[in-house]
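Subject: Handing over a structure, with notes on what was found

Dear colleague,

I am passing this structure on to you, together with some notes for a first reading. Please have a look at it before you go through them.

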Amino acid sequence: KGHAIAAWFAVDFEGVEVLVYNVHLQTPREQLKAMRRGSFLRGLMPGSEKSKLLMVFWKRQIELTERLLAHIEAQERPVIVVGDFNTPDHGYIYRKVRRQLQDAHEQAGHGLGSTFPGKTRNPLTLFGPWLRIDHQFASDAWRVLDCRAESGRKSQHLSVVARYELVK
């Protein structure tokens with residue numbers, strides 16, 4: 001319950017102090033594994049033990065995200081937020097973040113921006129990533145010039161690389 005999900009760093013960017021947040025929300029791996037054991041549909045039934053555990057996990061993820069966003073919103077400095085959000089670009093948590101910050105991939109991305117799984121033997125995904133759960137976000141003080149997921153490295157997640165221009 002008490003593990004940190006982010007660290008922030010004050011960086012001198014051409015004489016302007018900016019904040020860079022490195023985020024790693026908890027993985028839902030254990031909850032997904034639990035759904036594998038036994039019936040997936042039975043686990044989604046309201047009131048089931050698996051359903052309750054899943055709801056506790058996501059409620060905590062949302063709470064942590066809201067606390068992070070409140071901290072970011074209180075900043076007067078330009079902000080960039082990067083990391084493994086463990087949420088796809090169409091998920092509830094992603095939409096919460098996106099309401100407050102611009103998505104670098106949405107602004108200047110190339111292709112699908114998929115980052116996970118970086119290494120897979122699944123032929124249905126053409127042996128490549130199929131989810132975008134690693135993101136870069138920025139306050140409106142920035143213009144995103146370029147954003148792309150790395151390619152060619154065999155790792156669990158692919159990195160997201162972006163270039164920014166400070167405009168405010």
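This is a predicted model: local features need pLDDT of at least 70, side-chain atom pairs count only at pLDDT 80 or more; totals for chains, interfaces and linings use all residues.

Residues are numbered from 1 along each chain as its sequence is written, and side-chain values use heavy atoms, with hydrogens and water left out.

I begin with the interior. In soluble globular proteins, nonpolar side chains tend to be buried together. A nonpolar core here is a set of buried Ala, Val, Leu, Ile, Met, Phe, Trp, Tyr and Cys residues joined through side-chain atoms within 4.5 Å, where buried means under 20% relative accessible area, exposed over 50% and partly exposed in between, with a 1.4 Å probe and protein chains only. The largest such core has 17 residues, and those with the most contacts inside it are Y21, V23, I72, V81, F85 and F137. At least two residues of this core come from each of β2 (16–24), α3 (49–73), β3 (79–84) and α4 (92–100), helices (H or I, at least four residues) and strands (E, at least two) being DSSP runs numbered from the N terminus. The most is given by α3, with four residues. If its neighbours within four places in sequence are left aside, V23 is in contact (heavy atoms within 4.5 Å) with I5, A6, L68, V81, V82, G83, D84 and F85. A second, separate core has twelve residues, including V18, I80, C147 and A162.

Next comes the helix pair. The helices α3 and α4 pack at an angle of about 10°, with their axes 10 Å apart; axes are lines fitted to C-alpha atoms, for helices over the stretch in contact, and angles run from 0 to 180 degrees between N-to-C directions. That makes α3 roughly parallel to α4, since angles under 35 degrees count as roughly parallel, over 145 as roughly antiparallel, 65 to 115 as roughly perpendicular and the rest as oblique. On the α3 side, W58, Q61, I62, T65, E66, L69, I72 and E73 meet Y92, I93, K96, V97 and Q100 of α4.

Turning to the aromatic rings, a search of the whole structure finds six aromatic pairs. Rings of Phe, Tyr and Trp (its six-membered ring) pair if their centres lie within 6.5 Å, and planes under 30 degrees apart count as stacked, over 60 as edge-to-face and the rest as tilted. F57 and W58 have ring centres 4.9 Å apart and planes at 85°, so the pair is edge-to-face; F57 is buried, with a relative accessible area of 8%, while W58 is partly exposed, at 27%. The rings of Y94 and F137, with centres 5.8 Å apart and planes at 45°, form a tilted pair. Because Y94 lies in helix α4 and F137 in strand β5 (residues 134–138), this pair ties together parts that are 43 residues apart in sequence. One aromatic cluster is formed by F13, W142 and Y164.

Finally, the backbone. Most residues other than glycine have a negative phi. E14, in the loop between β1 (6–13) and β2, has a positive phi near 50° and is exposed at 73% relative accessibility. N86, in the loop between β3 and α4, also has a positive phi, of about 50°, but N86 is buried, with a relative accessible area of 8%.

With best regards
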